[in-house]
Amino acid sequence: MRLGLSWLREYVDLPEGVSGADVEAALVGLGIEVDAVVDQRETIKGDLVVGRVLEIEELTEFKKPIRFCRLDIGRAEPQEVICGATNFAVGDLVPVILPGGVLPGGFEVGSRKTYGRMSHGMICSARELGLSDEHAGIIVLPADITAMPGDDARPVVGLDDVLFELEITPDRGYAMSVRGIGRELSHAFGVPFRDLGAVDAPGATETPAYPVIVEDTVGCDRFAARAVRGIDPNAPSPAWMTRRLTAAGIRTLGLAVDITNYLMLEYGQPMHAFDLAKLRGPLLVRRAHQGEKLTTLDGVARVLDAEDMVICATGLDAAVASSGVGGPISPPAVMGGETSEVAPDTVDVLFEAAHWDPVMVGRTARRHKLFSEAAKRWERGVDPALPLVALDRAVRLLVEYAGGATDGAVLDLDHVQPPASVTLDPGLPARHIGVPYTTERVIETLTEIGCTVAATATPDDALTVTPPTWRPDLTDPADLVEEVARLDGYDKVPSVLPIAPPGNGLTAQQRRRRSVARALAENGYVEVLSYPFVGPAALEALGIDEPAVRLANPISDEEPLLRTSLLPPLLATLRRNLGRGLRDVALYEMGLIFRPRPGAGAPPEMGVDRRPTDEQLAAADAVVPEQPWHVAVVLAGEVEPAGWWGEGRPASWADAVEAARIALDAAGVPADRVQIRNAEQMPWHPGRCAEIAVDGVVVGHAGELHPAAVAGLELPRRTSAMELDLDALPAADVTPGPRISTFPPALIDVALVVDAGVAAAEVERALVAGAGDLLEAVRLFDVYTSEQLGAGRKSLAYKLTFRAPDRTLTAQEAVAARDAAVAEASTRVGAVLRGA
């Protein structure tokens with residue numbers, strides 16, 4: 001929201017010498033965020049002066065009107081300027097920007113030859129100065145101004161204000177108005193506040209301004225209207241009004257509509273102007289029927305929801321009716337309807353000011369994506385006492401500037417409930433904030449913001465606080481405590497850090513997750529964090545067919561599900577990186593997945609006035625989806641880059657399997673408890689997929705992605721991935737520190753022939769079990785097949801490292817350990833020592 005300092009001064013007498021920076025500091029101190037402070041004088045660089053037209057020479061040899069003008073700008077010689085406007089005459093005063101000046105938008109003005117003459121500067125229109133959208137002619141200044149030729153034109157045209165760009169929090173609807181910000185500044189500077197929204201206005205008359213029936217008094221608890229007849233439809237909006245609207249970022253759309261927008265900015269009361277000539281029969285305010293259609297002012301035909309409120313005309317002029325008699329003509333509180341809007345030839349106007357349910361407006365605005373200025377105010381809360389005041393001001397402004405006659409009839413259907421009182425312990429602010437507020441100070445601050453405070457006989461007894469109508473956000477004692485701290489000054493709140501209780505450090509699960517993340521990073525994987533949302537298309541592309549949790553209000557309609565695997569968003573990140581030029585990518589992510597609980601039902605309703613019972617919490621937990629921690633990696637491109645040293649090595653399924661080994665080792669799972677075997681699991685390739693198990697329990701999969709998944713996601717061939725369920729891993733054993741021996745190792749290679757279906761990991765486990773404590777390391781370094789070995793046979797070659805901690809092994813000891821390892825492999829998997 002943008003507003004000017006001059007407008008605020010109409011509501012509050014700020015002390016002399018108060019600058020824009022002082023006002024900004026005061027607003028920030030009250031908890032109102034100031035995004036920007038703009039001095040309008042600085043929006044135009046250079047000399048913008050008042051000039052008097054001395055001569056006009058019409059240049060007739062061109063297709064459009066061109067004038068060569070000589071202007072008195074207070075210098076010895078007249079200023080010569082070319083101008084295409086014709087709405088001024090000799091003797092008029094006009095704003096002139098001289099060469100070297102810069103207009104809003106960065107347009108630089110200089111001396112140049114145009115239309116055969118030299119032009120030194122430019123006579124300015126309102127749009128060129130950023131004052132309004134008017135560009136039909138240049139600005140002609142009033143003849144009775146005191147400024148002389150050569151004087152600064154900024155204060156004359158209205159460019160002498162300071163504008164504030166404010167960001168209003170969702171709970172402070174009253175602050176989205178000049179009235180509300182003026183009241184806040186009166187608190188900050190301790191000066192009186194002139195409430196122009198608390199004046200007396202004519203009340204309801206026996207005969208209404210227009211017949212209206214409110215069917216739903218929850219969605220609309222107040223509806224007021226007044227009419228003005230016989231206005232001049234061509235009457236322009238006054239310059240002071242258009243300047244303020246333009247400064248606020250609102251387009252001028254004609255006097256009647258400009259008045260409603262102006263009062264919305266000033267009072268915070270959104271209004272609507274109907275063309276009376278287009279209405280037939282009473283207006284009906286009701287909930288929409290599911291599927292009803294309505295065309296709004298932006299020309300969009302919208303399908304309404306049963307929760308939306310609508311204003312319906314029981315009769316509508318046949319020339320403008322588009323939806324049939326009795327259909328909706330306006331979706332109130334968000335945007336007007338096309339069939340009843342004020343037109344350029346409107347002479348009879350019906351102003352409407354109502355009070356709508358904030359929850360309904362917020363949902364309607366989001367449902368139809370109509371985030372109008374009116375909707376922003378309604379969903380934050382509008383003062384229900386304003387409709388008659390705003391209507392009275394609207395009809396007076398319209399009659400003053402467009403003529404016509406005010407209809408004396410006033411409609412006011414008022415079903416507003418008075419604000420509920422809040423009971424406050426006067427010692428609560430001091431206990432919560434840490435400042436010793438006295439009861440008198442608490443009463444003073446609450447009274448200052450407009451509350452009615454009823455104190456009991458003793459100072460320690462509770463206070464009964466009734467909030468003002470413009471503060472619907474004050475509903476609980478905590479709200480009142482916040483107001484006391486805010487008005488007394490946040491700077492008075494002590495900065496005292498509480499003493500942290502002693503802790504136990506990281507849990508075992510946290511340490512495990514950090515160890516796994518660190519191990520993957522040390523092996524070249526880059527961590528990413530993805531949103532946990534996925535779409536059905538991504539799951540279908542990966543062949544993942546399992547139930548997922550659907551969000552009731554997703555951020556994106558294309559991703560309404562919570563992930564059941566880390567791979568869909570992780571692969572999307574991989575594709576994004578590949579699309580931006582990277583070729584060799586290795587990523588990992590650690591996070592939660594979400595598994596629905598079939599038949600869990602709805603959670604129990606729990607209030608906020610007391611702690612839920614253990615039974616309620618247990619019932620709520622039973623509905624919450626299961627959320628185990630997973631870790632996943634994806635690889636594409638080369639894991640070993642090519643260069644002058646030789647060829648590179650592309651990533652393959654083996655690297656994904658190795659990533660699983662790395663993660664399990666970092667998680668504290670011994671290698672002899674891990675089983676890796678062939679499997680078929682989407683989205684992996686059926687012939688290049690490994691099932692990862694610990695103690696026989698499957699905890700994940702790794703391998704190359706299925707060709708269909710790779711094609712569907714537009715990923716490179718041979719893209720590989722791994723995913724493990726960290727919560728499914730058994731508790732880590734207490735691992736003693738490694739023993740470092742200073743004695744030399746014994747290195748022995750063995751080649752074992754086994755059936756082709758035997759996994760290398762099973763052979764390795766057999767060697768480890770048979771070799772005993774002298775075996776320090778085992779590594780597979782070759783896989784060999786040939787006709788000499790026989791059909792369905794393969795040779796696996798391992799490097800065995802033997803070492804004793806207290807002596808140098810003899811050759812006999814090393815060979816004996818090797819033979820024991822080979823014997824165990826023979827027993828378990830039928831291995832035969834090659835060449836034996």
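Good morning, colleagues. I begin with D13, which forms a salt bridge with R194; their closest N and O atoms lie 2.7 Å apart. D13 sits in the loop between α1 (5-8) and α2 (20-29), while R194 belongs to the loop between α4 (178-189) and β13 (212-214), so this pair ties together parts that are 181 residues apart in sequence. In total, the structure holds 54 salt bridges.

The average pLDDT of the protein is 89, and 97% of the residues score at least 70. Residues 316-325, however, have a pLDDT below 50. In the model, that stretch has 15 contacts beyond near neighbours in sequence. Where pLDDT is low, the predicted coordinates should not be read in detail.

I turn now to a pair of helices. How do α6 and α9 pack? Helix α6, residues 255-267, and helix α9, residues 387-402, pack at an angle of about 140 degrees, and their axes are 10 Å apart. Angles over 145 degrees would count as roughly antiparallel, so at this angle α6 is oblique to α9. The crossing of the two helices is right-handed.

Which residues make the contact? From α6 they are L255, A256, I259, Y262, L263, E266 and Y267. From α9 they are V389, A390, R393, A394, L397, L398, Y401 and A402. Classified by type, the contact of α6 with α9 comprises 13 nonpolar residues, two charged residues and no polar ones.

Thank you for your attention.

Definitions and conventions: Residues numbered from 1 in each chain as written. Predicted model: local features only at pLDDT ≥ 70, side-chain atom pairs only at ≥ 80, totals over all residues. Heavy atoms only, no water. Axes fitted to C-alpha atoms, helices over the stretch in contact; angles between N-to-C directions. Helix = DSSP H or I, 4+ residues; strand = E, 2+ residues; numbered from the N terminus. Parallel < 35°, antiparallel > 145°, perpendicular 65-115°, else oblique. Left-handed = near helix turned anticlockwise from the far one by under 90°. Contact = heavy atoms within 4.5 Å. Nonpolar A, V, L, I, M, F, W, Y, C, P; charged D, E, K, R; others polar. pLDDT = per-residue confidence, 0-100. Salt bridge = Lys/Arg side-chain N within 4 Å of Asp/Glu carboxyl O.
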